Amino acid sequence: MFNEAKVVGDVIRGLLPQFPNIVCVDDGSSDGSQAVANAAGAVVVQHPINLGQGAALQTGLEYALQDPHTACVITFDADGQHRVEDARDMALRVLAGEADVILGSRFLDRRTKLSRMKRLVLKTAALQSRLATGMNLTDAHNGLRAFNRNVASAIHLTQNRMAHASELVHQLAAMKVNWKEQPVEIIYTDYSKSKGQSLLNSVNILAELLFR
Amino acid sequence: MLIFVQIVLVISVLLVSIALMRGGSNARHLAIRRVLLVIFGISAIFSVFFPTVVSAAATTLGIGRGTDLVLYATLVCFFVFMATTYQRFRHAENSLTKLARRIALDEAVDPQQRRSSPK
């Protein structure tokens, strides 16, 4: 999380009944998000400086794997755009051994409401991932994912900023994991819209992928 | 002739950039950068004292004016500089990320301790 003090407390309290072990990676927030997350009941792992979303994801995975009891790791955005029910279903599917990785996709049902432009950009990104990896993905930039322990420990993200999503897909494709998608809803509140990715950011994603 | 020089220039820029962007040993890249810098420095001094020679060289290559030749050379150097700087920046960023992650993980509560003594 990066400066999410307004919402992260509610997000963590919403997750706790289903997920007792929550790691919240703080990416150098300056608005007191750390204290809020800690008070809500999550372990806060704090980057000393702001590194980016990909770096935070990798740190969270590594922290969760330090516990030998960890069998499944879920990644869940701190801004409250994911639904706890979706996360729980994904965790159950991974724990049941149905797949090594379950990836959330907002395009498998009609719940998520998107602007036409955003839909086009996300579909293009997914198409690019399909062509590059051969994985038949419908949504390449969805923050809600569930990994089993083996896959989680094999992921090594080096793209600190936005391109980590594509990097992750590439690593999964290289591992030839057994993956499935799960329909999830993305809740676009005014808050998440105001903080969310501007469409211009797709330029950054492209640039980071081309010049890595 | 002009188009030929342009093609050579573009290809050399691309090749050098790609060569320097693809990992490889750092010491070797540093050496290449230094050699290029020395060549650039010497030719710059040379062009100050003997502008006619540069012009003659430019005419031979079909570029026309010596100034244009210097301009093209500067462009090449600039792109090489950009490519290598970007690469070094990426390396520095990777190290910084690893360092920051180590600090973050070391400072956090040990997950096993937390499990055994929930607050």
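Predicted model: local features only at pLDDT ≥ 70, side-chain atom pairs only at ≥ 80, totals over all residues.
**Stop 1: a helix with two sides**

Select helix α4 of chain A, residues 84-95. Start with A:E85 and A:L95, which are exposed. Now turn to the other side of α4(A) and colour A:D86, A:A87, A:M90 and A:V94, which are buried. Why do these buried residues line one face of the helix? Look down the axis of α4(A): its buried residues fall within an arc of 100°, so they line one face.

What do the buried residues pack against? Show strands β3 (72-75), β4 (101-105), β5 (145-148) and β6 (179-183) of chain A, and you will see their partners.

The 12 residues of α4(A), at 1.5 Å a residue, should span 16 Å, and the end C-alpha atoms are 16 Å apart, which agrees. Then step just past the end of the helix to A:G97, where phi is positive, at about 85°.

**Stop 2: the nonpolar core**

Next, select A:V8, A:I12, A:V23, A:C24 and A:V101. These residues have the most contacts inside the largest nonpolar core, which has 56 residues. Helix α3 of chain A (residues 53-66) gives the most to this core, with 6 residues. In soluble globular proteins, nonpolar side chains tend to be buried together.

Zoom in on A:V23. Leaving aside residues up to four places away in sequence, A:V23 touches A:A42, A:V43, A:V45, A:G60, A:Y63 and A:A64.

**Stop 3: where the chains meet**

Show both chains together. The contact takes 17 residues from chain A and 16 residues from chain B. On the side of chain A that touches chain B, β2 (43-46) and α3 are the elements that give two or more residues. Of these, α3(A) gives the most, with 5 residues. Colour that side of chain A by type and you will find 8 nonpolar, 7 polar and 2 charged residues.

**Stop 4: a residue on chain B**

Finish with B:T74, in helix α4 of chain B (residues 66-107). Is B:T74 buried or exposed? B:T74 has 12 other C-beta atoms within 10 Å, so it is exposed. Now select B:A44 as well: B:T74 and B:A44 are 30 residues apart in sequence, and their C-alpha atoms are 9.7 Å apart in space.

Key
Residues numbered from 1 in each chain as written. Chains lettered and ligands numbered in written order. Helix = DSSP H or I, 4+ residues; strand = E, 2+ residues; numbered from the N terminus. Buried ≥ 20, exposed ≤ 12 C-beta atoms within 10 Å, placed from the backbone. Core = buried A, V, L, I, M, F, W, Y, C linked by C-beta atoms within 7 Å. Contact = placed C-beta atoms within 7 Å. Nonpolar A, V, L, I, M, F, W, Y, C, P; charged D, E, K, R; others polar. Expected span 1.5 Å × (residues − 1). Arc of directions from axis to C-beta.
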